Amino acid sequence: MPATRCPSCGKEFKDHTSVARHMSQPRSGCNTWLEDLIRLDLTLPPSEDDPMAANDLRELHASSYETGEDANIYDFGNEGETLERGFGQDEDRDAEVTDYFPEPPVAFEHGYTFLSLFDSDENSIYCKTNLYYPFSSRREWQVAAWLLHSGLSMGKIDSFLALEMSPVILYWRDPIECIASIFNHPLFHDRMDFMSRKVYTTAQKLSRVYTEWMTGDHAWDMQLALPRGATLLGTILSSDKTCITALTGDRVVHPLLLSLANIHMSTRLKSSSNAFVLAALLPVPKFIHKKKRMKGMLQDRLVHQCLDVVLEPLKLAAQEGIMMSDPTGLSRYCFTLLASYIADTPEAMMLACVGGKTSPVTMAMYKQFGDAFRHEPRTRATTLAQLDVVHSCADQDDIEAFFFAIETFSDQLSQSAADAAPSGVIVAVHTLLHFHYLVQSPHIDDHDIRHISAALAEFHANKHAIISAGVCQGKGRTVINNWHIPKLELMQNIVPSIRSSGITGQWSADITEHAHITEIKDPARSSNNNNYDPQICRHLDLLLDCERSTEELEGVLEEFANENDETDGDVDDIPAGLPSTSQRPGQPRSITNYFVIAQMLRQREKGSVPVPLRSFVVGQTAFHLAYGPFY
């Protein structure tokens with residue numbers, strides 16, 4: 001039997017069965033020979049010398065079926081069967097032939113597919129915003145998928161779903177709305193700075209003066225980085241845990257307050273001005289981890305995630321800018337950059353991602369707290385670099401691998417009688433107190449800064465006398481022979497802070513602590529002492545609506561009074577600078593404008609009000625007669 005060649009590669013085989021087996025192998029490269037031949041025939045134009053010019057390959061196949069003639073066709077079927085058809089073999093004439101019905105069924109357009117049924121569902125609109133609908137998130141969907149394939153019985157699944165799981169709820173308000181409400185408040189008209197400035201004591205500009213935040217170097221440098229004509233809004237943040245129950249219970253809330261550094265310090269530090277508004281109630285969950293230190297780490301990590309969510313609009317506004325209206329109604333292109341974050345030492349360490357033995361402001365460790373110089377400042381770049389080193393050593397999802405033991409260390413400087421203390425101790429204590437009083441000045445220039453630095457340097461030069469005298473003692477009157485005091489290290493950052501952000505008195509936590517009363521504790525007392533957070537938010541929303549309605553009504557009354565002044569020349573003018581008729585948080589009682597009331601009564605028709613009038617004006621004085629005293 002003559003050898004048979006592969007029509008694609010030309011390799012010789014003993015029979016056609018071997019050729020078919022060879023061409024059916026995927027690795028041979030000859031399995032697509034017939035498809036390539038058909039594709040080539042359809043793309044190339046016919047040639048006169050081509051024997052297939054008269055009839056293409058499809059016509060050849062069609063004619064072979066119509067005339068009953070056999071063509072050399074390979075049937076790549078099962079091995080062992082006779083694969084050759086044609087070549088004069090009589091058994092191939094009995095091959096199976098299919099006749100199709102001459103009138104095929106008709107298919108129409110505008111049908112639907114299986115996937116189109118999802119779009120026609122009434123809840124498909126939710127799938128556009130939430131891919132895992134009806135589940136709220138991917139995590140919930142994963143839990144449901146795991147339960148479905150876990151092999152648990154329906155009873156066990158019901159038991160699992162019946163477990164009481166307290167969700168962590170974050171109550172927060174858009175910080176842009178908070179900034180806009182403060183920036184547009186009429187109370188801060190003419191009490192707000194819109195431009196950074198540098199103040200000097202003399203025209204020669206030899207000594208710089210530092211007061212407000214806008215007089216510091218940070219505000220000047222930030223303004224340089226902004227587009228021309230843009231308005232810099234220095235955002236102030238403050239957070240600290242506070243108790244809302246007295247004597248009993250452990251109800252704790254973690255408010256996040258927000259204000260503007262553009263407001264004059266004398267106005268912002270007044271509790272009655274309400275310059276700080278509540279932006280968020282950070283959750284304070286109780287974790288069930290068996291290790292106490294891990295509970296603290298989980299709480300800190302949750303606070304960082306919540307702050308990232310709440311402050312995201314402020315980050316975008318700081319990068320792209322946003323249009324806001326000032327108290328006079330003018331629109332300004334504003335950038336909301338962070339000016340200050342007011343927090344106590346534990347809160348600052350949590351925000352800076354450091355332990356209890358590390359400074360949250362500089363790179364100093366606890367053994368370096370007593371150094372007489374300022375260490376390298378802790379910046380965003382250094383913190384991220386340290387985290388990268390940790391990521392290379394431990395899995396970031398393993399919280400315990402990232403946790404380092406935090407040990408608190410508290411020191412106390414004992415008081416000594418002046419007549420019994422050595423001279424070095426007297427000098428050290430004197431210079432420390434002198435430093436303390438100098439930094440509280442509301443007006444600090446370069447001359448004062450030199451005195452502040454000299455006082456701190458003199459303290460460090462004589463502090464060894466306190467250790468030598470043994471007057472620095474801790475618990476149990478144990479003598480302490482080191483200066484591992486965090487606040488002592490923070491003193492090295494006061495002078496740089498004055499130069500960059502103004503005097504330190506404007507960043508006092510006294511005003512934010514008082515804001516906890518009006519924004520947290522007073523609304524909590526109006527609740528049912530259960531589930532405080534939503535009731536506090538609801539109380540503040542209603543209070544805000546009442547204030548807006550009162551201000552609107554006050555404006556209408558003032559317009560009415562002004563119209564009466566124009567039409568009636570006998571009526572005395574209302575003195576300027578009258579107090580508000582509304583009761584704002586922090587005020588003990590509302591103040592009634594009897595000048596407006598007296599004018600409205602005089603304009604009424606006779607017989608519509610009882611006479612004689614109990615509210616009237618004589619000159620520049622308003623009188624209101626009452627049946628009984630009121631307070």
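One cavity of 30 Å³ or more was counted, a cavity being a set of points on a 1 Å grid over the protein atoms alone where a 1.4 Å probe fits but cannot get out. The structure is a predicted model, in which local features need pLDDT of at least 70 and side-chain atom pairs count only at pLDDT 80 or more, while totals for chains, interfaces and linings use all residues. Residues are numbered from 1 along each chain as its sequence is written, and side-chain values use heavy atoms, with hydrogens and water left out.

The largest cavity holds about 70 Å³ of space, a volume being the space filled by probe spheres set on the grid points, which are joined across faces, edges and corners. Its lining residues (an atom within 4 Å of a point) include Lys-270, Phe-276, Ile-511, His-514 and Glu-519. The lining comprises four nonpolar, four polar and two charged residues (Ala, Val, Leu, Ile, Met, Phe, Trp, Tyr, Cys and Pro count as nonpolar, Asp, Glu, Lys and Arg as charged, and the others, Gly among them, as polar).

Three strands form an open sheet in the order E6-E7-E14, with antiparallel pairing; strands are DSSP runs of at least two residues, numbered from the N terminus, and two strands pair if DSSP finds at least two bridges between them. Strands E6 (199-200) and E14 (444-445) lie at the edges, each pairing on one side only. Strand E7 (residues 208-210) pairs with E14 over two bridges, and Val-209 stands opposite Asp-445 in E14.

Definitions and conventions:
Helices (H or I, at least four residues) and strands (E, at least two) are DSSP runs, numbered from the N terminus. On a 1 Å grid over the protein atoms alone, a cavity is a set of points where a 1.4 Å probe fits but cannot get out, and a pocket is an open set with protein on both sides within 12 Å along at least five of seven lines; lining residues have an atom within 4 Å of a point.
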